[in-house]
Amino acid sequence: MSISAQYGLIGYPLSHSFSKKYFTEKFEKEQLSHCHYELYELPTLQNFSSLVANTPNLKGLNVTIPYKQSVIPFLDSLDEKAQRISAVNVIKVLTNNKLRGYNSDYWGFQQSLKNFLAKDFPNEQYNGLNALILGSGGASKAVQVALQDLEIPFIVVSRQLTETTISYEQFTHYQDSCRLLINTTPLGMYPEINACPPINYDCISPHHFVLDLVYNPEMTLFMQKCHEKGAKVQNGLEMLYLQAEKAWEIWQKI
Ligand SMILES: NC(=O)c1ccc[n+]([C@@H]2O[C@H](COP(=O)([O-])OP(=O)(O)OC[C@H]3O[C@@H](n4cnc5c(N)ncnc54)[C@H](OP(=O)(O)O)[C@@H]3O)[C@@H](O)[C@H]2O)c1
């Protein structure tokens with residue numbers, strides 16, 4: 001009989017959890033009856049270390065809002081991608097009980113993007129492709145590092161104008177040169193399904209590729225409006241599954 005292995009999710013609040021459902025079903029399907037997944041709702045990180053110390057056979061944790069950045073000081077080391085992104089959504093408990101942080105959103109996004117572009121950009125050659133990233137929050141940081149590694153130049157569109165961002169009003173000037181649009185804002189996510197990023201949709205054409213990180217609803221208003229202009233569109237559902245599988249791979253690796 002295998003030794004019990006405990007996994008879980010920390011965040012606050014944790015009313016709807018994709019991860020718990022995903023891993024519970026995975027453990028059932030793959031007959032991993034020694035594996036268990038729990039929700040650890042933490043109003044603050046004050047009890048994080050005691051949660052880790054007092055949870056027998058803890059092997060790994062997922063991290064969600066609002067702790068993807070604030071959990072970093074509690075960890076012993078960071079994987080190179082998590083370090084560059086400055087955010088962690090997966091923690092692995094190493095055999096010496098040290099904690100190492102990873103960012104599986106990076107992997108999920110990058111693989112989903114590669115799949116999305118595969119037909120039009122064979123052999124992962126993205127020469128001439130430039131991106132506009134809408135939003136500058138946590139997911140945007142993972143997207144930025146993933147695009148850097150694919151050598152796809154990008155510009156971040158934000159409500160806050162800084163040296164490294166442009167405004168939504170300036171978006172129009174970049175419409176032709178940037179064929180890849182990525183929404184990393186929560187605009188359009190259930191239940192606010194009638195919201196969408198405030199870009200000029202008249203600028204969208206059939207030569208655009210539009211990726212929305214939002215996955216509920218499956219066809220967001222943003223995707224719908226871009227699709228109407230002939231753009232190729234994809235939601236964040238595949239990324240969601242890929243980042244969960246990457247977490248599992250990280251936890252299983254010796
Ligand atoms: N598919 C997946 O696997 C996956 C993974 C991670 C996240 N997500 C989704 O990605 C979205 C963002 O998540 P996150 O963790 O990055 O959140 P976050 O850290 O709160 O960042 C969201 C960013 O969106 C922009 N934003 C927020 N409200 C806005 C508004 N009313 N109008 C315009 N811009 C607004 C802000 O950027 P500015 O201040 O720069 O405007 C903000 O920094 C969520 O919907 C989440 O579910 C999906």
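**Figure 1. Pro 66 lies in the loop between strand E3 (58–63) and strand E4 (77–78).** Strands (E, at least two residues) and helices (H or I, at least four residues) are DSSP runs, numbered from the N terminus. A cis peptide bond joins Ile 65 and Pro 66, with omega at about 10°. A cis peptide bond also joins Tyr 190 and Pro 191, where omega is about 5°. Pro 191 is placed in the loop between strand E10 (180–183) and strand E11 (209–212). The structure shown in these figures is a predicted model, in which local features need pLDDT of at least 70, side-chain atom pairs count only at pLDDT 80 or more, and totals for chains, interfaces and linings use all residues. Residues are numbered from 1 along each chain as its sequence is written.

**Figure 2. The protein is divided into domain 1 (5–102) and domain 2 (106–238).** These bounds come from an automatic or database domain assignment. Taken over C-alpha atoms, the centres of the two domains are separated by 28 Å. Six residues from domain 1 and five residues from domain 2 take part in the contact; two residues are in contact if their C-beta atoms, placed from the backbone, lie within 7 Å. The side of domain 1 that touches domain 2 has two nonpolar, one polar and three charged residues. In this classification, Ala, Val, Leu, Ile, Met, Phe, Trp, Tyr, Cys and Pro count as nonpolar, Asp, Glu, Lys and Arg as charged, and the others, Gly among them, as polar.

**Figure 3. The largest nonpolar core has 59 residues.** Such a core is a set of buried Ala, Val, Leu, Ile, Met, Phe, Trp, Tyr and Cys residues joined through C-beta atoms within 7 Å. A residue is buried if 20 or more other C-beta atoms lie within 10 Å of its own, exposed if 12 or fewer, and partly exposed in between, with C-beta atoms placed from the backbone. Among the members that touch the most others are Val 88, Ala 131 and Ile 182. Helix H5 gives the most to this core, with six residues. Domain 1 and domain 2 both contribute residues, so the core lies between them. Not counting residues up to four places away in sequence, Ala 131 touches Leu 147, Ile 152, Phe 154, Cys 178, Leu 180 and Ile 182.

**Figure 4. The shell around the ligand holds 24 residues.** Gly 135, Gly 137, Ala 139, Ser 158 and Gly 236 come nearest. Helix H4 (104–117), helix H5 (138–149) and helix H7 (237–252) each give two or more residues to the shell. By class, the shell divides into 10 nonpolar, 12 polar and two charged residues.

**Figure 5. Glu 124 and Glu 151 have positive phi values.** Phi of Glu 124, a residue other than glycine, is near 55°. Glu 124 is in the loop between H4 and strand E7 (131–134), and is exposed, with 10 other C-beta atoms within 10 Å. For Glu 151, phi is about 55°. This residue is in the loop between H5 and strand E8 (154–157) and counts as exposed, with 11 C-beta neighbours inside 10 Å.

**Figure 6. Lys 20 is placed in helix H1.** Lys 20 counts as partly exposed, with 17 C-beta neighbours inside 10 Å. Leaving aside neighbours within four places in sequence, Lys 20 is in contact with Leu 9, Tyr 37 and Leu 39.

Note on methods
Near = placed C-beta within 6 Å.
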